[in-house]
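Please describe this structure for a reader who is new to it. Begin with the charged pairs, then move on to the helices and the chain as a whole.

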Amino acid sequence: MSSDDPTNAGTASERRDAVREKALQVQARQSRARAIRAAVIATAVLAVVVVVGAVVTWAVSSAASKPVLSPANVIDDGFVVNDVTGVAQTGADAGGAGVVEGETPTPEPTTEKTPEPTTSPTEQPVVDIRVYVDYLSTGSRDFQVANAQQLSKWVTEDAATLSYFPVAMLTSKSNGTKYSLRAASAAACVAEHSPEHFFAFNNALLAQQPAIDEDGYTDGELADMAIASGAEGAKVVRACIEDQDYASWAKTATERALDGLPDTDGLSLTGTPMVLVNGVQYVGAMDDPKEFAQFVLTVASDAYYDETPSPTPTP
């Protein structure tokens, strides 16, 4: 049969059309498959975005809804010591403080004879001692260990008011555990829920201080120390410490101290410990209780004579 037969030509054309149609069908199916896969991927991505957005929104709203707690009995970000229960007050102070045994921060009597005043001198002013402490600061530890007994003696004898200001300047020095901040929060918990045992817990935190660049105590161990120091309401104190209720407060209190200290002549926190006596910074040896006692006596004497009216000579 000749290849020019019209019947064969039509059959070949039909076959080409059939192949072309099948190819178009395959291409259409592939396009639909690609569109379906793209739609599935887009839906999955959208679902992930929605879930992540919901989680972030929940977390932010939860954080925003949780109030920033502040201790109820805090004064200028510090805690006044009214009870020195749990810290020995007898015997010589650590580091040779026995040299001031029986001595309290009262003005030294003058040997000069002065005319008899026509009015009685004002009552001796009580010395105000403020101690800014970071519970990871070795200097804070040295000061507390050396002076704990004479500080407690002065408080007991109403010769001085004593306040501690927990700050967190060394938060980054504990392998990421933020020990400095957590310890300050724990101190605030005890000051809030068992104030009569704050001085003992403060003393324990400093005397048993962990080393810098180590993890420090866990929140559970801090709670154990608080309870061992005599803190009452063990469940409440433990929950407060383990939940880090006052961590945000400790952070902002530190920031405020770095900006400026109340009742001082323009001082701001530059390091710990920072010890102020009647607003005057002590710059002596932190581990020398005799030197610190002399400084307190000097400041007390200055305050006494500044507040005592000048005597008027009698005829």
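Arginine 182 and aspartate 219 join their side chains in a salt bridge, at 2.8 Å from N to O; the term stands for a side-chain nitrogen of Lys or Arg within 4 Å of a carboxyl oxygen of Asp or Glu. Arginine 182 belongs to helix α3 (residues 179-193) and aspartate 219 to helix α5 (residues 219-228), so the pair ties together parts that are 37 residues apart in sequence. Helices (H or I, at least four residues) and strands (E, at least two) are DSSP runs, numbered from the N terminus. Arginine 182 is buried at 8% relative accessibility, and aspartate 219 is buried at 15%. Buried means under 20% relative accessible area, exposed over 50%, and partly exposed in between (1.4 Å probe, protein chains only).

This is a predicted model, in which local features need pLDDT of at least 70 and side-chain atom pairs count only at pLDDT 80 or more, while totals for chains, interfaces and linings use all residues. Residues are numbered from 1 along each chain as its sequence is written, and side-chain values use heavy atoms, with hydrogens and water left out.

## Other salt bridges

The structure holds nine salt bridges. One of them joins the side chains of aspartate 224 and arginine 238, at 2.5 Å from N to O. This pair links distant parts of the chain, with aspartate 224 in helix α5 and arginine 238 in helix α6 (residues 234-242), 14 residues apart. Aspartate 224 is partly exposed at 40% relative accessibility, and arginine 238 is partly exposed with a relative accessible area of 25%.

Aspartate 128 also forms a salt bridge with arginine 130, and their closest N and O atoms are 3.1 Å apart. Aspartate 128 is partly exposed, at a relative accessible area of 22%, whereas arginine 130 is buried, at 14%. A network of salt bridges links Asp128, Arg130 and Asp263.

Nine of the ten residues of α4 are buried, so the helix is largely enclosed by the rest of the structure. Among the buried residues are Phe198, Phe199, Phe201 and Leu205. The cover over the buried residues of α4 includes β1 (79-81), β2 (127-133), α2, β3 (160-166), α3 and α5.

Helix α2 (residues 138-156) packs with helix α4 (residues 198-207) at an angle of about 145°, and their axes are 9 Å apart. Axes are lines fitted to C-alpha atoms, for helices over the stretch in contact, and angles run from 0 to 180 degrees between N-to-C directions. Residues that meet here include Ser140, Arg141 and Val145 in α2, and Phe199, Asn202 and Leu206 in α4; contact means heavy atoms within 4.5 Å. The residues of this contact divide into five nonpolar, five polar and one charged (Ala, Val, Leu, Ile, Met, Phe, Trp, Tyr, Cys and Pro count as nonpolar, Asp, Glu, Lys and Arg as charged, and the others, Gly among them, as polar).

## The chain as a whole

The chain has eight helices and five strands, and along the sequence they follow the pattern α-β-β-α-β-α-α-α-α-α-β-β-α. Of its 315 residues, 37% count as buried. Among contacts between residues at least 6 apart in sequence, 75% join residues at least 24 apart.
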